[in-house]
Amino acid sequence: MLEDFAQTNDLGGTSPGLKLFLGLASILLCVSSPGPAAPLLVAASMSAAILALARIPPRVYARLLLVPVSFAVMSIAVVLFVTGSGAVLLEVPGLPLVVTAGGVNLAVLLLARVAGGMCSLYFIALTTPMTEVFEILRRLRVPAVFIDLAMLTYRFIFILIEEAGQIYRSQVMRLGYGRFRESVQSFGMLSGALFLRTWESGEALVLAMDARCYDGRLGIPGESRPVSIFALAAALLYIGAVLAVSLKT
Amino acid sequence: MTRLHGGLRVDIMHIMEGFLPSPWWQVWFLVSLPFIIIGLYQVNRLVQEKREALPLLAVAGAFVFVLSSLKLPSFNGSCSHPTGTGLGAILFGPCIAAVLGLIVLVFQAVFLAHGGLTTLGANVFSMGIAGPAVAYLIYKAGTRVGANTYATVFVAAALADLTTYIVTSVQLALAFPGTAGFLGAFLTFAGIFAATQVPLAIIEGAVIMLVFKYIVQLKPEILTRLNLLSESAVRKLREASA
């Protein structure tokens, strides 16, 4: 899971606010850029930051880049054939499918935006631990009940994944996923067992929290890491450069 | 654990980062916002009435996330749309399920790279609001007319899934109508997704139905306490399966 890297990467000492700001600003620049140049620049620089500054293993990052491919290929194929005007570049014989210059341009732009957006998202995901994002949300005055709910959910995800893995492995050992019918049955059993265990651990948590005088608010001391002037200047310079490229094209 | 932790799975229902252009990603944020606000208000009230509700909501959210990070049997596709939100909607109502859906989708985007942040509004609407609302309405209607509970749960979960996929197709077609117009684009997107989504919906319906069966058999007090089933209904279901 990406969160493991977020806790251990080499950019851990940088202010989480700055990293989040940089990632979000890059995403917005990608989405609003009229041409493919700026998003591609973002994709390249974010990948460079992930590999060189945060020192995420290249193999892990390469695998991550494959995640959005299936959605991208299918949806962009539709865009390629459905939309567009201008010169006809390719016609599929026997089918009403036409690729036009306009369609190709839009498809290239979308591909670039997705690449830039996903790389920026990975930058946030791989360098900024969720625990620090909660602290930022608190300072942004997001309703406390929402943050508490998100924090508890976050905590339970890791417990449950462990448990789901154990159940899954023991089912596989007993050939629970041999045939189709069995696999649906086993998966249902896994989900059901997981739900009940989840619920029980939730009730246990209520007891534990009550025993520690829970009064409807989770008080967690936040540590603030100052933003270094140098890092802030570099981030602003970078965003300005991407903005200039985006406006130029 | 590679299967649980690896992000490498086919995922076609989350609209990914960067795919929706302006103004559509903003529009879907605005559409989802009222549901989230109402949901937060309801969560707040629920927590003030019953403090134990907060951890239970949290485990429900985590359950949805973990269920979605597992691979569905015999399919390359994953059920990574938070189907469990349908279950959440039946348990807690559609607006609270929308809040859970929002949290789960943020975690999915950041932990699994499914979906994105600008497309969050659109994904919350299709998976956290439209799907769960359908599940909730079907479940309520089914229990009112006294239909078989398991059949109702199956239909509710399967249709919630199909609703999610149709809403996603609508969102994509609105953003990219092209020369074919909205309807033509919608049919193309929906047609392409149907190949994987229709069988997935049926499997997910079956899985959620089995989950419900386990709850009835092993811990029915969850359902009676949330006023989902009366005690006599639970007794009847348990006798029927015994």
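## Two chains and the contact between them

A word on what you are looking at. This is a predicted model, in which local features need pLDDT of at least 70 and side-chain atom pairs count only at pLDDT 80 or more, while totals for chains, interfaces and linings use all residues. Residues are numbered from 1 along each chain as its sequence is written, and chains are lettered from A and ligands numbered from 1 in the order in which they are written.

Now for the chains themselves. Chain A has 10 helices and two strands, and along its sequence they follow the pattern α-α-α-α-α-β-β-α-α-α-α-α. Chain B has 10 helices and zero strands. Helices (H or I, at least four residues) and strands (E, at least two) are DSSP runs, numbered from the N terminus. Buried residues make up 38% of the 249 residues in chain A, and 60% of the 242 residues in chain B. A residue is buried if 20 or more other C-beta atoms, placed from the backbone, lie within 10 Å of its own, exposed if 12 or fewer, and partly exposed in between.

Chain A is assigned domain 1 (2–128 + 225–248) and domain 2 (140–211), with bounds that come from an automatic or database domain assignment. Taken over C-alpha atoms, the centres of these two domains of chain A are 33 Å apart. Helix α6 of chain A covers residues 101–127, 27 residues in total, and reaches 39 Å from its first C-alpha to its last, close to the 39 Å expected. That expected span is 1.5 Å times one less than the number of residues in the helix. Because 20 of its 27 residues are buried, α6(A) is largely enclosed by the rest of the structure.

Leaving out residues up to four places away in sequence, A135(B) touches G86(B), A89(B), I90(B), A156(B), A157(B) and A160(B).

Chain B has a helix that deserves a look of its own. Helix α2(B), residues 24–49, reaches 38 Å between its first and last C-alpha. A kink of about 30° lies at L33(B), shortly before the proline P34(B); the bend at a residue is the angle between axes fitted to the seven residues ending there and the seven starting there. Among the buried residues of α2(B) are W24(B), W25(B) and W28(B). The buried residues of this helix pack against α2 and α8 of chain A together with α3 (53–69), α5 (94–112), α6 (120–145) and α7 (149–175) of chain B. In the loop between α1 (2–5) and α2 of chain B sits P23(B), and the peptide bond from S22(B) to P23(B) is cis, with omega near 0°.

Helix α7 of chain B holds F154(B), which counts as buried because it has 22 C-beta neighbours inside 10 Å. Not counting residues up to four places away in sequence, F154(B) touches G205(B), A206(B) and M209(B).

R55(A) has a positive phi of about 55° although it is not a glycine, and R55(A) is partly exposed, with 13 other C-beta atoms within 10 Å. R141(A) has a positive phi of about 65°, and it counts as exposed, with 7 C-beta neighbours inside 10 Å.

Methods
Contact = placed C-beta atoms within 7 Å.
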